[in-house]
Amino acid sequence: MSNPLEDRFEQARAVADAVLFEGYVLYPYRASAAKNQLRWQFGVLVPPAWTATTGEHSVQRTECLLEPRKGDRLHAELRFLHVRRRTVERLDADGGYTEVPELDLPDRVLVPWDEGHEERVLIHESLDGLTGDQAAVHAVRFDLPDAVEYEPVTDAEGRTLGRLVRHRQRLTGELRPSVEELPGPYRVLRLTVSVHNTTVVPEHADADRETALAHSLIGTHLLFGVPGGRFLSLTDPPEWARPAAASCRNDRTWPVLAGPPGTDDVVLSSPIILEDHPAVAEESPGPLYDATEIDEILSLRTAALTDREKREARGTDARAAGVVDLVDDMPEAVRERLHGAIRGLREITGEDTAGETPPPAPGTGLSLPQGPGHPWWDPAQDAGAAEVPTVVVIDGERVGAGSRVRLTPGARRSDAQDAFLHGRRATVEAVVGDLDGETHLAVVVDDDPGTDVRRAQGRFLYFRPDEVAPLREREEAP
């Protein structure tokens with residue numbers, strides 16, 4: 001019988017793999033590629049003694065809101081990668097082994113490489129057992145000791161040519177879950193789970209990042225599930241829960257509702273920013289591990305690799321070999337689907353626009369409806385559209401084209417770019433409206449070296465009036 005919670009966990013894991021293996025092995029999928037010399041960029045927790053020398057942290061903290069309703073048990077899953085450093089050895093005539101920089105085989109070229117082995121730590125605990133002083137009792141500790149593994153390398157006839165040697169360094173950690181009931185008319189719990197790398201390293205031992213990675217949790221993320229309960233979105237919480245949502249503290253992680261839209265009993269806490277109910281695109285044929293690159297581009301480029309390059313990729317990592325095989329064996333019908341689909345219009349038109357392409361207009365390659373003097377996307381195309389003002393009033397100041405402002409996007413409805421732009425000074429280029437009747441300010445950031453290009457191309461950043469603050473004369477001075 002199908003387990004609904006496990007089904008939603010499985011869907012969340014598929015999305016999480018884009019985080020767990022983010023940048024795991026970059027195109028052209030070879031250990032020698034320059035892009036693969038600096039890896040493991042997200043969710044890295046190093047031993048506490050090495051935070052200063054590596055610039056990484058040792059703790060990750062997640063807080064989210066839960067209405068327990070009929071739910072009384074927390075099911076949590078910590079997932080991360082543990083580095084296994086692989087070396088290559090050739091079999092000598094005397095039966096011994098010698099470490100070599102590569103082992104050239106007919107189907108692959110084996111080279112040294114840091115493999116990432118997936119690890120999981122599970123929690124199944126009653127919510128009542130995670131409150132107050134009882135929470136400390138239910139901390140979950142794990143210890144992955146040093147280990148060495150040997151894998152023989154054989155030819156087509158089964159004769160041994162060498163071996164792969166994998167070294168794993170000790171890694172210890174701890175999960176600390178707790179639950180606190182918040183005051184108010186509704187029964188709401190704040191669930192807190194912190195992940196700690198507790199690995200003890202030799203006293204006074206300094207380490208660069210490369211050394212520390214062998215003792216680190218990588219791509220660290222969490223899955224939470226409470227059957228019968230309801231998690232509240234922190235990205236878009238109910239109005240009554242906004243103060244509680246704003247008080248949640250999340251360090252180096254971003255919790256979102258997981259599973260299909262309309263479900264709320266599973267949360268994915270990710271080291272990168274995601275939207276609620278993230279999903280892998282249905283057109284994607286499989287994991288390509290190259291960060292957020294487009295499947296179509298990566299597939300076409302991988303198909304264009306030489307035979308020698310494909311052999312190097314296959315010898316670099318089993319997952320890279322899987323990518324090469326996936327592309328080599330991809331049916332043409334699947335390849336055509338990689339061109340993508342427009343989903344944004346489905347809610348408006350009620351139609352599936354995937355695969356529909358309007359006939360191209362002469363000299364443009366696109367056929368888009370045009371009105372007299374207005375591009376197709378301009379609200380002025382609609383004769384019934386509301387007139388857009390040339391200025392708006394913000395904090396008692398009139399703001400329009402040429403006004404100087406400070407960017408103050410909201411903490412919860414912002415994307416990652418907004419977070420980086422918070423507090424920056426900008427110049428308003430225009431007051432514009434959208435097709436929903438909302439007013440926005442088109443701005444350019446003052447110290448953006450591409451400002452002139454943005455103005456020439458009309459490529460601005462857009463903020464709502466409540467996301468900027470007028471600059472007074474006393475603030476103009478640097």
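# Side-chain contacts and sheet pairing

Arg249 has a relative accessibility of 46% and therefore counts as partly exposed; the class lies between buried, under 20% relative accessible area, and exposed, over 50%, with a 1.4 Å probe and protein chains only. The model is predicted, so local features need pLDDT of at least 70 and side-chain atom pairs count only at pLDDT 80 or more, whereas totals for chains, interfaces and linings use all residues. Residues are numbered from 1 along each chain as its sequence is written, and side-chain values use heavy atoms, with hydrogens and water left out.

**Salt bridges**

- The structure contains 45 salt bridges, each defined by a side-chain nitrogen of Lys or Arg within 4 Å of a carboxyl oxygen of Asp or Glu.
- Arg249 is joined to Asp251, with 2.8 Å between the closest N and O atoms; Asp251 is buried at 18% relative accessibility.
- Arg79 and Asp17 form a salt bridge with an N to O distance of 3.0 Å. This pair links distant parts of the chain, 62 residues apart, with Arg79 in strand E2 (residues 73-91) and Asp17 in helix H1 (residues 4-20). Helices (H or I, at least four residues) and strands (E, at least two) are DSSP runs numbered from the N terminus.
- Within that pair, Arg79 is buried at 2% relative accessibility, while Asp17 is partly exposed at 26%.
- Glu115 and Arg166 also meet in a salt bridge, at 2.6 Å from N to O. Glu115 belongs to strand E6 (residues 113-126) and Arg166 to strand E9 (residues 160-168), so the contact ties together parts 51 residues apart in sequence. Both Glu115 and Arg166 are buried.
- A network of salt bridges connects Glu6, Glu10, Arg13, Asp17, Glu77, Arg79, Glu118 and Arg120.

**Aromatic rings**

- Four aromatic pairs are found in the whole structure. Rings of Phe, Tyr and Trp (its six-membered ring) pair if their centres lie within 6.5 Å; planes under 30 degrees apart count as stacked, over 60 as edge-to-face and the rest as tilted.
- The pair of Tyr186 and Trp240 is tilted, because the ring centres are 4.5 Å apart and the planes stand at 40°.
- These two residues are 54 residues apart: Tyr186 is in the loop between strand E10 (171-182) and strand E11 (188-197), and Trp240 is in the loop between strand E13 (230-232) and helix H4 (242-247).
- Tyr186 is partly exposed at 44% relative accessibility, as is Trp240 at 36%.
- Arg39 lies over the face of Tyr24, 5.1 Å from the ring centre, and Arg163 over the face of Tyr97, 4.0 Å from the ring centre. The criterion is NZ of Lys or CZ of Arg within 6 Å of the ring centre and within 35 degrees of the ring normal.

**Sheet pairing**

- Five antiparallel strands form an open sheet in the order E21-E20-E19-E18-E22; two strands pair if DSSP finds at least two bridges between them.
- Strand E21 (461-463) and strand E22 (468-470) are at the edges with a single partner strand each, so one side of each has no neighbour in the sheet.
- Strand E18 (residues 404-407) and strand E19 (residues 425-433) are antiparallel and share three bridges, and Val405 stands opposite Ala426 in E19.

**Cysteines**

- The structure holds zero disulfides, a disulfide being a pair of cysteine sulfur atoms within 2.5 Å.
- The cysteine sulfur closest to that of Cys64 is in Cys248, 7.1 Å away, which is too far for a bond.
- Cys64 is buried at 2% relative accessible area, and Cys248 is buried at 10% relative accessibility.
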